[in-house]
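Trainee: Could you take me through one part of this model up close, and show me how the surroundings fit in?

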Amino acid sequence: MPQSAAVISGVQRMVLYETRARYFLVGSNQAQTKHRVLKIDRTEPRDLVVIDDKHVYSQQEVRELLGRLDLGNRTKIGQKGSSGLSRALSACGIVGFVRFLEGYYIVLITKRRKMADIGGHSIYKIEDTSMIYIPNDSVRVTHPDEARYVRIFQNVDLSSNFYFSYSYDLSHSLQYNLTLLQRPCDPGAAVDSSVEEEVHPHSKQDSFDIFEDEGLPTQVVYGLQNEPYFKYVWNGKLLERVKDTVHRDWLMYIIHGFCGQSKLLIYGRPVHVTLIARRSSKFAGTRFLKRGANCEGDVANEVETEQIIHDASVMSFVAGSYSSYVQVRGSVPLYWSQDISTMMPKPPIRLDQADPYAHVAALHFDQMLQRFGSPIIILNLVKKREKRKHEKILSEELYPAVNNLNQFLPPDHCIDYIAWDMARYTKSKLCNVLDRLSMIAENVVKRTGFFINRSDFYCHTVRPDERWRDVGGNLTSTGRVQTGVLRTNCVDCLDRTNTAQFMVGKCALAYQLYALGMIDKPKLQFDTDCVRLFEELYEDHGDTLSLQYGGSQLVHRVKTYRKIAPWTQHSKDIMQTLSRYYSNAFSDADRQDAINLFLQVYQPLESKPHLWELPTDFYLHQRSTMALPQERRSYTNWWSEGTISYLPLAYDEAPCEDNMKKVKVRRVNRYDETTDIYTEFFKPYELTSFDETFCVAITNSAREFMPKTVGLDPSPFTVRKPEETGKSVLGTKTNKEEAVLQRKTAASAPPPPTEEAISSTSEDDSEEDRDDDGAVSQRSTPIKLVTECGDSSRTQEEFQQQQVRETYGLNLAEFPAEEDVHIYERFARLGQNQHKVERTEPIHLANIICLQPVSSFQEDSIYAVCPPQVDRGSREVFESHVMTGQGLMRALCREDMLMYREYIKNRYM
């Protein structure tokens with residue numbers, strides 16, 4: 001059966017050319033061997049006219065085309081002063097097309113930055129964009145409110161946490177993407193003839209084979225293109241006008257949330273830890289303006305977080321080892337809100353509509369059952385005991401709703417509900433919050449399991465552990481899949497939720513590493529390099545999501561709940577609380593308008609009120625308020641058709657007819673560039689610097705967290721004291737000393753102390769003191785090194801001794817012991833006598849030391865050297881090479897014909 005592979009986008013580099021009548025967007029692949037052209041009409045003042053040239057151009061053909069366009073658009077024939085075709089800008093992707101009250105704009109990505117790598121598939125972050133008005137000035141119809149809409153639209157900062165990939169579907173989980181690749185493909189059944197022609201317009205030409213008369217088989221790969229999960233796509237509406245008229249390579253879907261990757265070095269073995277958060281584009285908004293759920297079951301602040309662990313020493317999805325775990329956060333799925341007109345830090349919670357049959361909760365959990373399967377586990381962290389009812393209102397409504405839905409589900413697939421007052425436990429001195437969370441996490445991971453794409457790991461056989469027997473999920477022939485998901489919520493789904501998700505992720509990480517054969521038991525301790533690296537990823541993840549929804553970074557972190565946060569953290573928490581309050585009170589309304597306009601929830605029309613004139617956006621997100629539903633869903637069979645029959649597996653991952661219609665399959669050659677991830681990742685056609693590659697710049701556990709002294713266990717799973725970690729050392733230094741420590745870590749020996757390294761680190765020092773320090777350093781005499789505290793000093797000689805001791809584990813400046821000196825003298829005499837044996841007179845070696853030659857070579861008398869063993873295949877290759885040089889050619893075999901055929905096809909066809 002031929003292998004399956006994801007299709008790589010053929011448009012990764014773009015150049016926008018303009019004439020007075022048209023824009024020409026020329027897109028090419030990464031190697032710039034194939035080009036496509038998109039023609040955009042500029043003479044229409046309000047309509048969008050986009051023509052996709054179906055022809056695939058070579059580099060020479062596209063140059064000739066641009067030359068003809070340049071010549072044909074000049075004002076006078078033969079005029080060279082002013083070009084008829086001018087280059088506007090370079091880009092690397094299309095965000096979409098948008099219109100307000102005048103004509104259309106095109107939004108292009110002009111700058112990107114690589115953030116992660118999963119199996120050779122690169123994930124990029126948008127760094128900069130450009131918004132270009134399409135109609136020319138001669139046909140433009142101006143409107144006084146156009147500029148204001150443009151400003152509101154640009155309030156959505158596309159350079160802040162928007163991500164995309166040319167070959168990896170970020171809207172789906174790794175489990176979904178790999179399950180799709182492992183599924184048997186039948187292109188005849190999956191794709192009809194019309195779609196096949198659209199995906200592969202030159203199928204007849206590409207299938208031409210000059211070796212078809214040889215009877216040699218063609219190596220075929222099935223290239224798969226799947227529809228994204230539009231709930232997590234943020235530019236779906238912006239591409240809606242052109243997605244049915246242009247080639248699929250022009251369409252690039254972006255997600256919003258977080259993406260971070262770090263490298264965990266386990267005795268030199270690289271393991272990549274990746275964290276991807278996908279924020280839902282449904283019912284999206286800011287903290288107090290988007291609460292609860294809408295009439296379609298979409299909840300506010302819904303984020304799907306996925307942690308991916310893979311062995312980076314093997315890149316391929318087929319041969320590599322990959323594991324992932326998914327969990328979800330989201331607001332309580334009820335009709336509720338908070339009135340912010342009172343200007344209170346905690347506005348009262350109110351229930352807007354009565355929902356006795358839990359209709360909204362049913363719609364929400366139906367979505368989760370389709371995407372994740374069962375069991376759905378709810379971890380509700382809101383307060384239970386309050387002097388005045390506030391958060392407790394939500395628990396009193398959510399628990400009966402879940403009970404009402406469970407009575408109609410099969411007993412094996414009921415929704416689990418766990419209510420735990422995390423804030424009350426935090427205030428108690430007798431209770432440990434994280435210990436309780438770790439117990440909950442252990443139970444959750446055992447219920448849902450996790451995804452791993454390999455079934456041939458025998459860690460549980462070689463190093464058996466009782467906890468492994470109870471791990472849930474569904475076992476398959478290719479590994480294990482996660483069934484069900486944990487859904488965590490508090491009121492805001494920010495601080496408490498992030499800490500709970502970290503503890504669940506930490507427990508899942510232990511099981512993932514154990515399943516991959518990296519550790520001997522599925523348990524990870526705090527204060528290890530591995531957990532510190534994972535905690536830092538989760539704090540960045542929590543800060544980013546908190547800024548997007550709440551307007552400030554996290555107030556309470558993992559260290560706060562561990563009660564080891566420094567005293568300075570309290571002042572930072574107060575500042576974050578004030579920042580969050582200010583953002584919610586003064587800037588959230590503008591941000592909400594920008595999100596509504598970007599997601600096209602509100603589309604401006606001259607006949608409608610302007611966006612800033614609306615008293616509320618409630619009617620924009622609640623479709624039931626604008627039109628009565630034609631049919632009502634059942635209150636008892638509240639799930640979608642077909643969902644229950646596949647449980648505990650997710651319906652979206654089932655090989656049913658509805659899902660297969662979303663997949664486009666094409667037959668391609670094994671070395672075709674549309675599926676060749678090796679060429680896409682390593683780029684053999686480019687000259688690259690090793691120091692500039694992403695794998696070197698990525699956060700490294702050995703460089704960032706491992707102690708810099710010799711003698712300690714370099715394992716990232718060893719518990720260390722805070723003062724032993726490399727992170728704490730770097731964190732207590734200034735920028736100059738930090739740079740010195742990083743250089744010292746990278747080199748095997750410490751660099752010589754420079755003026756910057758030994759000068760004063762206090763910014764309050766006078767200029768005279770700094771000049772004195774510089775003068776003394778040039779004389780290389782002992783000087784004082786002032787630390788940040790200013791109460792301790794040491795000389796330059798002591799500083800050098802400290803560096804030597806840190807590097808080699810001993811102080812070379814101390815005089816060696818007398819016994820060691822005698823041993824060294826005997827060694828030196830032995831070396832002198834050995835030279836005399838070779839150059840002067842023969843001597844009996846037995847009088848010095850017993851040396852027995854073990855080499856097969858007579859001229860070697862010291863080292864044991866074995867003659868190299870050459871296998872038969874290598875000898876035949878060498879003999880063939882020698883015979884070719886003498887003019888004697890051997891007959892070509894089947895493998896040679898295959899190799900030559902692939903070379904001819906890739907080079908000339």
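Mentor: Of the 909 residues in the chain, 48% are buried. Keep in mind that this is a predicted model. The secondary structure comes to 29 helices and 25 strands. Among contacts with a separation of 6 or more, 71% are between residues 24 or more positions apart.

Let's zoom in on strand E18, residues 376–380. Five of its five residues are buried, so call this strand mostly covered. Ile376, Ile378 and Asn380 point one way from E18, while Ile377 and Leu379 point the other way, and all are buried. So what does E18 pair with? Strand E23, residues 485–489, pairs with E18 in the parallel sense over five bridges. Within that pairing, leucine 379 stands opposite threonine 488 in E23. Strand E19, residues 416–419, is another parallel partner, joined to E18 by four bridges. There, isoleucine 378 stands opposite tyrosine 417 in E19.

Helix H12, residues 495–515, is mostly covered too, with 21 of its 21 residues buried. From its first C-alpha to its last, H12 reaches 30 Å, close to the 30 Å expected for 21 residues at 1.5 Å a residue. After H12 comes glycine 517, with a positive phi near 80 degrees.

Helix H2, residues 146–153, gives you something else to look at. Its buried residues are Glu146, Tyr149, Val150, Ile152 and Phe153. Because they cover an arc of only 160 degrees around the axis, they sit on the same side of H2.

Now for another sheet. Three strands make an open sheet in the order E1-E11-E24, with mixed pairing. Strand E1 (4–6) and strand E24 (663–669) stand at the edges with a single partner strand each, so one side of each has no neighbour in the sheet. From one strand to the next, the twist averages 35 degrees. E1 pairs with strand E11, residues 220–226, in the parallel sense over three bridges. Serine 4 stands opposite tyrosine 222 in E11. Helix H3, residues 174–182, lies across E1, E11 and E24, and runs at about 145 degrees to E11.

You'll find asparagine 29 in the loop between strand E3 (22–28) and strand E4 (35–41). Buried or exposed, at 8% relative accessibility? Asparagine 29 counts as buried, because 8% falls under the 20% cut-off. The side chain of asparagine 29 reaches the backbone nitrogen of glutamine 32 at 2.8 Å. Leaving out residues up to four places away in sequence, asparagine 29 touches Gly10, Gln12, Arg13, Lys34 and Glu673.

Technical notes
Residues numbered from 1 in each chain as written. Predicted model: local features only at pLDDT ≥ 70, side-chain atom pairs only at ≥ 80, totals over all residues. Heavy atoms only, no water. Helix = DSSP H or I, 4+ residues; strand = E, 2+ residues; numbered from the N terminus. Buried < 20%, exposed > 50% of the residue type's maximum accessible area, 1.4 Å probe, protein only. Polar contact = N/O pair within 3.5 Å; in protein donor to acceptor, adjacent residues only side chain to side chain. Contact = heavy atoms within 4.5 Å. Pairing = 2+ DSSP bridges. Axes fitted to C-alpha atoms, helices over the stretch in contact; angles between N-to-C directions. Arc of directions from axis to C-beta. Expected span 1.5 Å × (residues − 1).
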